[in-house]
Every structure is written in structure tokens, then in C-alpha cells.
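Q: Please take a close look at the ligand site of this model, and begin with the backbone geometry elsewhere in the chain.

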Amino acid sequence: MTSTLEKIQSVKYEHDKLIILDQTKLPMETFYTKLDTIEDVWDAIFHLKVRGAPAIGIAAAYGLYIAARDIESDNYEEFCMKLKKHSSYLASSRPTAVNLFWALNRMEARAMECRDKSVSEIKVILLTEAHNIRNEDEAMCIAIGENGLKLLANGMTVLTHCNAGGLATAQYGTALAPLYLAKDRGWDIKVYADETRPLLQGARLTTWELSRSGVDVTLICDNMAAMVMKKGIIDAVIVGCDRVAANGDTANKIGTYGLAVLAKAHNIPFYIAGPTSTIDLKTLRGEDIPIEERHEDEITCAFGKRTAPEGIKVYNPAFDVTPHQLITAIITEKGIVTAPFDEGLKGLFE
Ligand code: MRU
């Protein structure tokens, strides 16, 4: 895609080892860690060391390969039974991003197609499948970047939420891909990044990766977005997605829905960017998307220091759903979908 931009590979498989960039340590430390077991992979996904819907799917695919590699049976039926068990275990790490289930299902399906092969051959095939999932994601991000660019223009200022960049994918990102591409083509593009309470993916990750590629980025607190929009500074909002339902309702990081309401109120286009692996036609409406609720400490403590009274009641959903009526367009690697979203999304798979 680019020659001048800093490349980030948050999940890589090198010398028969799964290595991730531990995103919980960014931006203070760029620390790569090796995941040797399926339990390591589960833990890394659960604790957001690897995060962002596509990156979670890629890590899970490699995690399932690692588990498959260590299965000590040459019997096909027994191998598949154990593989399914491992897949269900990995699937329990986080509920909302559909890429996790998509990647695991794809790995399982690959094994099921190989009844005529030996178990050792299937293990090799599964590693190739995990590589394919990773490589296809990179290609999808590049295509999303190209499609997203059609909706932007030189000189624009864009607002984004959470992190849907290279860290969250194989490379380049989804919502951030058009911005990298714009930068690479010499456009003057400015980005406002919401800090994204409570885990600060915007402050810690989005500003880190954009600034190291020389993209002009300004950090704001989530509650400043309305004011910034009112000033007339923002030309478009672009965010990623964790699951797009068949009708276009979209789950993304908590706070996305609020931004969409604000964008509507200020007459600013609101774009969702994501690969087709994040579109879940089996989930009909946003209400059917399972929303992860995380530990209260994420809200009651900041940087190891308590910031709320002991024993206070806490509600901590990690995602919200933006109704499709608030979405201007969904940018995918196969094209840009606008209303009616149900028809457009279905058309991507035909
Ligand atoms: O909880 P996280 O950090 O995994 O949430 C990530 C997001 O909400 C992203 O916007 C989404 O996964 C898209 S990443 C290309």
C-alpha cells in the first residue's frame, strides 16, 4: 500500500511462534510477547493485549492452529473433536467482535474438508489457513482504504473513536486505512481522536500509530466531540466496527452511538469502515448482538489508582450499537454500502 508509512504488525507468526505486540503496554512500551499455548492466546484476547475485531480473529486462528499442533492423536475423528473443543474455548474469550467466531469457524471448516488427509497434513493446512486469514485481512484493509478515500477530500478533518488502525488489524486498519492512504498521497488530512474511555484506545493507540506515521492527529476527551463538531471543524466521522447486523445496525466501541447522534445533529457524515468478515448476516438486528460487559475496575480505577468510592455500583458495557438510520455509509473492501443497508450488505455476499 505505502512506502513512506511506518508499518505495524500487531500479530505475527514467525519461526513457528505466535508473537503479538502487547497493546496494554502502549504507548509507553513497545513490547512484543510470545504466545505459546491456547491459554496464552485466550488470555491475550480477554485482557486486550491483542484487540480490535480483525486482529482478534487473526490471533484466534493462530491460537487454534497452536492447539491443533499439540493434539497428540492421529485419528481424524478424535482430532476434529478436540479441535472443536479448543475452538469453543477460544470463542469464549470475548463475545461481541464477530471476527473471532468467523475465523474459528473458518479454521474448523477447513479441517472438516480434509477427511481424506492425515492429521499431520491437516495441521500444516491449518497453519496455511491462519496465514491466509491474516494476509487476506491486510488486503481487505488496503481495499477499504481505497474505497474510504472516495468519500474524503484533500484538506478534510476527520474524527475517529477507539482504535481501528493497524494495531487492530493485520496492517493499516479499517477506519484509519483511508487516512494513511491520504497521507501517503500527500493530502492534507487532519484527525481528531477521541480518547475513548474507559480503556483509552484512542489516546494510547490511535494517536500513537497515526503520529508515528506523520498523520496530523489531535487528542480530545470523548466529551469534547460535541463542542468540536459545533465549531464546524469536523468534515466526517469514521469509525471501525465489531459486528454489523444484516440491517446495518453496527456494534462498535462504547461511545460510538453517541458520536453518531452528535454527527446527525451537526449534519456531519458518519462512516463505518470494516471488512466483510465483520458483517454478520445471521444476526438480523442490532438488538441481537451480544454486548460484552467488562470488569468494574476499568471504571473505578485509573492507572492503578481508585477514582470512585469503594462498593459503588458500576455498569461497564464495552460496546454499543449504532442504529443504521444514523449511518451514512458502510465502507468495505468490496465497496461502499448506503441505505437500504439490508439489500446492500446482502449484495456484498452474492
Ligand atoms: O475493545 P476493543 O479495543 O477490542 O474494541 C475495538 C473496537 O471497537 C474497534 O473499533 C473495532 O474492533 C474495529 S477494529 C478495526
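A: Aspartate 16 lies in the loop between strand 1 (11-14) and strand 2. In this predicted model, aspartate 16 has a positive phi of about 60°, although it is not a glycine. Most residues other than glycine have a negative phi, and most peptide bonds are trans. The loop between strand 2 (17-21) and strand 3 (32-35) contains proline 27, which is joined to leucine 26 by a cis peptide bond with omega of about 5°. A cis peptide bond also links alanine 339 to proline 340, with omega of about 0°; proline 340 is found in the loop between strand 16 (335-337) and helix 11 (341-348).

As for the ligand, it sits in the largest cavity. Helix 2 (53-69) and strand 9 (250-253) are the elements that give two or more residues to the shell around it. This shell draws at least three residues from each of domain 1 (4-141) and domain 2 (144-347). By class, eight of the shell residues are nonpolar, six polar and four charged.

Of the 18 residues around the ligand, Arg51, Arg94, Asp242, Asn252 and Lys253 come nearest. Arginine 51 places a polar side-chain atom 2.4 Å from an oxygen atom of the ligand, and for a polar side-chain atom of lysine 253 the distance to a ligand oxygen atom is 2.7 Å. Glycine 52 contributes through its backbone, with a polar atom there 3.1 Å from an oxygen atom of the ligand. Taken alone, the ligand exposes 420 Å², and the protein buries 100% of that.

Conventions:
Residues numbered from 1 in each chain as written. Predicted model: local features only at pLDDT ≥ 70, side-chain atom pairs only at ≥ 80, totals over all residues. Heavy atoms only, no water. Near = heavy atom within 4 Å. Polar contact = N/O pair within 3.5 Å; in protein donor to acceptor, adjacent residues only side chain to side chain. Areas by Shrake-Rupley, 256 points an atom, 1.4 Å probe, with all protein chains shown as cover. 1 Å grid on protein atoms, 1.4 Å probe; cavity = no way out; pocket = protein on both sides within 12 Å on 5 of 7 lines; lining within 4 Å. Sits in = over half its atoms within 2 Å of the grid points. Helix = DSSP H or I, 4+ residues; strand = E, 2+ residues; numbered from the N terminus. Nonpolar A, V, L, I, M, F, W, Y, C, P; charged D, E, K, R; others polar. Domains from an automatic or database assignment.
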